[in-house]
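Keep the 3D view open as you read.

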Amino acid sequence: MHTAGDEDLYLQQAVVFIEDAIQYRSINHRVDANSLRLYRWYYSRIWQLGLGLTIAVVLMLAFIERPSSFSYTSDPRFRPPPWEPPCGLTEGIEIVCLVIFAIDFATKSYLIGWEEFRKCKWLIVYILAVSASVIDWALTLSMYCDQNLRVRRLIRPFFLLQNSSLMKKTLKCIKRTLPEIASVILLLALHLCLFTMIGMLLFAKGENPKQNGEWEAYFRDLPTSFSSLLVLLTTANNPDVMIPAYSLNRGYSIFFILFSGFGTYFLMNLLTAIVYNQFRGYLLMSVQASILRRRLGVRAAFEVMSCQGWGQDATHSEENVERVRVDASLQVMARVQMKSYYRQAIIKRVQQLSDGFIQWEAFRRLFDELDKDRIKEHPPKPEYNSSLLQGLQLLFCHYYVTVVGNAVALANVMCICTILVLDSEKSIAERDDYYMEVINCFFILYYLMEMSLKILAFGWRGYLSYRNNIFDGLLTVCLLVLQITIFATYRLPFPKWNPASRGLMSLWEMVRLVNMLIVVRFLRIIPDIKLMALIASTLVDLVKNLRAFAGILVVVFYVFAVLGIWLFQGAITAPGQMSVMSNSSMKNITVECGSYEQLGYWPNNFDDFASSLVLLYNVMVVNNWQVFMDAYTRYTTQWSKVYFVSWWLTSSVMWVNLFVALILENFIYKWDRSVMCSVADVERTGYETTVQLMFREQIQEPTEEELVTQLHQHPHLHLS
């Protein structure tokens, strides 16, 4: 016989196992009552939110620490001395974060037990990272915060990585993909070296100085030749690199066309295809493991509920059939932390079972609800007795009212565009805001009327159940408040209306703000066009569900920014007294056309963390990235090219292409599922687009033997 305490423990175990299944977590943790309470607290929203906030804080310290990013500009010609935090401020914040990480490590290690801890390399590296950070922190304090090389800055991104299981899977997949990438990189390097040598032979220095333009600018020596063709591979210096030779003989263009045609359009695209294909294969393997975790969690909950006496009574005690009681399942589902929509769907299916017991197959199918799209039901419309109100309700519930509203919004935007074109050359004093203000007043009154009648037709709850109505209504209220503020401050408009500035904003600034809100409000058309609605929802899903991939990019940005500060901080200095020179004096300074100095790229530097991130982004875009590489080569050494080429390979070649491929995967997945839906169905359907669901059709279900074998290997759960 089982006591009430035992049954409550089994209930807790089943609840936790199902929560593990929902979140794709491992079930290999302690299952005693106290550990289960600690486990649920650890994965509670409060602790996980606090841990995420701690990680964000420790990463943001790089903006405050020396060299501080607290200045209004990063341009060394105009940048004032930035605010530097007093010694101990950032260090105090950091030690609190490290203590929280230590608590997180201790809790996680205790919950999984010693045997699992020894198998988990991430946890071992976690404690090493915390320990190394504490040692480096102590060294900083011992040197009175005058430590330029802070090793713990490079360690901080690890805390972001280890807190996300999907990020860890992604990193593992990237690591496994590297050997396949290396073969194409080797072919690319061979292509570069071959054409570099041919180029140096083809454009060797001749006797006539007038014909040495190509040699002098791009093929003077081996490093210059190699970097010139590498940049051409990204098309950043095309056609500049070929102009000196092409102006002498049109035949020289064949060399550059062959190089970029084969390298840029074949090898680079082949590299993208290999990166995506191989990564996708390894990601499928990882997602397969996630599906196994879900099925294992559901099976563990079923075993706990059936093996411990919950699935038997006097009638079925002699039958060798595993089953659980319906009332026990309802108790478990009532306590599981999950989205209310899925809880209600599962409970509804359980209540439809008339036998009083649930066998394994039926129990497993209950959790198929987690993979289904959420269909959003709008509240019922209010009922009116008046025939006039009923007519208005019927009219303003019609789809064509939205079409008319979109046409009016388009007309408003076109009016603003027309006036902006007519007034583009006028100064503020020459502008007449009377016509713009009258037009805006008319349209804002229409928007207010449309919003009010829609609220009348759908009711408050019904109106707010549509996301586009919330967006539309919020902007309409903002426009109304701004318009009332304009009238209260500057009175009613009249021809040649141009009153003196009052309060915080001038009339022109307030009118501009109104116009910007009207233009933004025009985005309301997105949900009413199926393809645009799908694209918008795809972008939202990328933010929600594929943030692990963006997280890896954040880690790479962070590491390269820290390395850039270490290597190049203060390397480029603006010419002396440049900030106080007159324009005429500036014109006398001779700089090479297209150089870092001539283009005025001074704000792009590694003098602080924020400007480092911006510079890395500019290099990732690859437009004019050779300008930065050339500048740091001139101001430091030729070896600085290794840093920039490494960043280009990591960000632009590998990660951006991978991210684009995942965007395509996400969009195709949603398009295939909504191709038969109307615009209204797309708006009502909350597509569940997770990485697991995107690859669901390619994943095999784990067999019964696999599940049973895994359960019997559980280090803390001993089933009979």
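Arginine 77 and aspartate 75 are both buried. Their side chains meet in a salt bridge, at 2.7 Å from N to O. Keep in mind that this is a predicted model.

Now turn to glutamate 369 and arginine 349. Their side chains form a salt bridge too, with an N to O distance of 3.2 Å. Glutamate 369 sits in the loop between α14 (360-366) and β3 (374-375), while arginine 349 belongs to helix α13 (residues 340-351), so the pair ties together parts 20 residues apart in sequence. Arginine 349 is partly exposed, at 26%.

Another pair reaches across the sequence. Arginine 335 and aspartate 8 meet through their side chains in a salt bridge of 3.7 Å, N to O. Arginine 335 is in helix α12 (residues 326-335) and aspartate 8 is in helix α1 (residues 4-22), so this bridge ties together parts that are 327 residues apart in sequence. Arginine 335 is partly exposed, with a relative accessible area of 34%. Aspartate 8 is partly exposed, with a value of 34%.

Salt bridges also join into a network. Glu65, Glu91, Glu94, Asp136, Arg150, Arg152, Arg153 and Arg156 are linked in this way. Across the whole structure, a search finds 24 salt bridges.

Next, look at how two helices pack. The axes of α12 and α13 come within 10 Å and cross at roughly 175°. Angles over 145 degrees count as roughly antiparallel, and α12 and α13 are therefore roughly antiparallel to each other. On the α12 side, the contact uses Val326, Ser329, Leu330, Met333, Ala334 and Arg335. On the α13 side, Arg343, Ile346, Ile347, Val350 and Gln351 take part. By class, this contact has 7 nonpolar, 2 polar and 2 charged residues. An α-helix has 3.6 residues a turn, so residues three or four places apart point the same way.

Other backbone spots deserve a look. Most residues other than glycine have a negative phi, and most peptide bonds are trans. Tyrosine 24, in the loop between α1 and α2 (33-42), has a positive phi near 60°. At 14% relative accessibility, tyrosine 24 counts as buried. Threonine 235 also has a positive phi, near 65°. Threonine 235 is in the loop between α9 and α10, and is partly exposed at 38%.

That loop, between α9 (222-233) and α10 (243-246), also holds proline 239. A cis peptide bond joins asparagine 238 to proline 239, with omega about 5°. The bond from arginine 66 to proline 67 is cis as well, with omega near -5°. Proline 67 lies in the loop between α3 (45-64) and α4 (89-119).

Finally, step back to the whole protein. There are 28 helices and 4 strands. Of its 720 residues, 45% count as buried. Among contacts between residues at least 6 apart in sequence, 75% join residues at least 24 apart.

Technical notes:
Residues numbered from 1 in each chain as written. Predicted model: local features only at pLDDT ≥ 70, side-chain atom pairs only at ≥ 80, totals over all residues. Heavy atoms only, no water. Salt bridge = Lys/Arg side-chain N within 4 Å of Asp/Glu carboxyl O. Buried < 20%, exposed > 50% of the residue type's maximum accessible area, 1.4 Å probe, protein only. Axes fitted to C-alpha atoms, helices over the stretch in contact; angles between N-to-C directions. Parallel < 35°, antiparallel > 145°, perpendicular 65-115°, else oblique. Contact = heavy atoms within 4.5 Å. Nonpolar A, V, L, I, M, F, W, Y, C, P; charged D, E, K, R; others polar.
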